[in-house]
Amino acid sequence: MNILDLDHSLTAQEPIIRRLNSGQARRLDLLDLGPKLRLWSTERTYRHFTERLRQRPRHSGPQPEIFFVGSGDYHHLTPAFLGDLQEPVSLIHFDNHPDWVRLAPRRHCGSWVNRALKLPHIQRIVTLGPCSEDLHNPQLRGGNVAALKHGKLQLFPWQHAPSKIWGRVGDGAGHQQQENHLHWRNLAELDWQAFLEQMIDSLPTEAIWITIDKDVLASEDAATNWDQGGMRLTHLLQALRTLAARKRILGIDVCGEFAQPAFSNAFKRWEAKSDQPPAERWSQDDLLRNSVTNEALISLFEELFP
């Protein structure tokens, strides 16, 4: 298990400390790159990150490689984990946001899905759990609604009202178009296990990669830098168990810790202040939920992948 130390958020948590001390996890010191990578990155800094990532001890064996990454402000690092894949893969994406904005910089935590869609081995991306305002008039917010047309991207909100759109998108696995609205197949209204089985049956590949932003979880289960979704930890754990039983998992990356804002320039500070809820909304007791949730996730990984 790889602990990417970009913002100190992980190395302060007891479940992480314990596994680092026991040798069950290894820390990659990336603190010097953290502020430059946070929210978005230049191509030069991103390249530095990928070079440093390659210096880690190489993963071998049948078990998936697991990365804990820190704040959700680093979700745009996920394509770096996918770049060396050598076989067709489906990407299962748990998130409170679709991360599909076309107007943002290419290496941005809100636009990385568009980069992943272009990777040659990615056959489908399935986004599970958004509740955020990104789906309210998504085209006006820069959302890549066109990606839904071709079925390579499927999106299933946890709970969201119909989204107003312009033009023809058509029906998809997670939505139906009725005139100028997309009516979503909300996961909160479905039998969760039955949905998981159906979704897995429809995947075009045997191999999958799982990427988790813990802002997909309700505030009872996580405290992040972003607004929280509605999925409960029990739902996420059930999904991981089902995916592991039915598919071959090549890797898992997890972000969505809370980290105090630390950015490399004033524009990033302004962007974070504009887009993110105030950091002061969380108490120290709130932040302990991240440690409890990470313990549950890591314990499940240790059980599934001994």
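1. Two strands count as paired if DSSP finds at least two bridges between them. In this predicted model, strands β7 and β9 (residues 181-184) are joined by two bridges and run antiparallel. Ser163 has Leu182 in β9 as its bridge partner.

2. That pair belongs to an open sheet of three strands, ordered β7-β9-β8, with antiparallel pairing. At the edges lie β7 (163-164) and β8 (175-178), each of which pairs on one side only. As background, strands of a sheet pair through backbone hydrogen bonds, in either a parallel or an antiparallel way.

3. Next, a pair of helices. Helix α7 (residues 192-202) packs with helix α8 (residues 233-246) at an angle of about 35°, and their axes are 10 Å apart. The crossing of these two helices is right-handed.

4. Which residues of α7 meet α8? They are Trp192, Gln193, Leu196, Glu197, Met199, Ile200 and Asp201. On the α8 side, the residues met are His235, Gln238, Ala239, Thr242, Leu243 and Arg246. Sorted by class, the contact holds six nonpolar, four polar and three charged residues.

5. Helix α10 (residues 284-304) has 21 residues. From its first C-alpha to its last, α10 reaches 31 Å, close to the 30 Å expected at 1.5 Å a residue.

6. The buried residues of α10 are Asp286, Asn290, Ser291, Thr293, Asn294, Leu297, Ile298, Leu300 and Phe301. In general, an α-helix has 3.6 residues a turn, so residues three or four places apart point the same way. The cover over the buried residues of α10 includes α1 (14-22), β3 (65-71), α8 and β11 (248-257).

Definitions and conventions. Residues numbered from 1 in each chain as written. Predicted model: local features only at pLDDT ≥ 70, side-chain atom pairs only at ≥ 80, totals over all residues. Heavy atoms only, no water. Axes fitted to C-alpha atoms, helices over the stretch in contact; angles between N-to-C directions. Helix = DSSP H or I, 4+ residues; strand = E, 2+ residues; numbered from the N terminus. Left-handed = near helix turned anticlockwise from the far one by under 90°. Contact = heavy atoms within 4.5 Å. Nonpolar A, V, L, I, M, F, W, Y, C, P; charged D, E, K, R; others polar. Expected span 1.5 Å × (residues − 1). Buried < 20%, exposed > 50% of the residue type's maximum accessible area, 1.4 Å probe, protein only.
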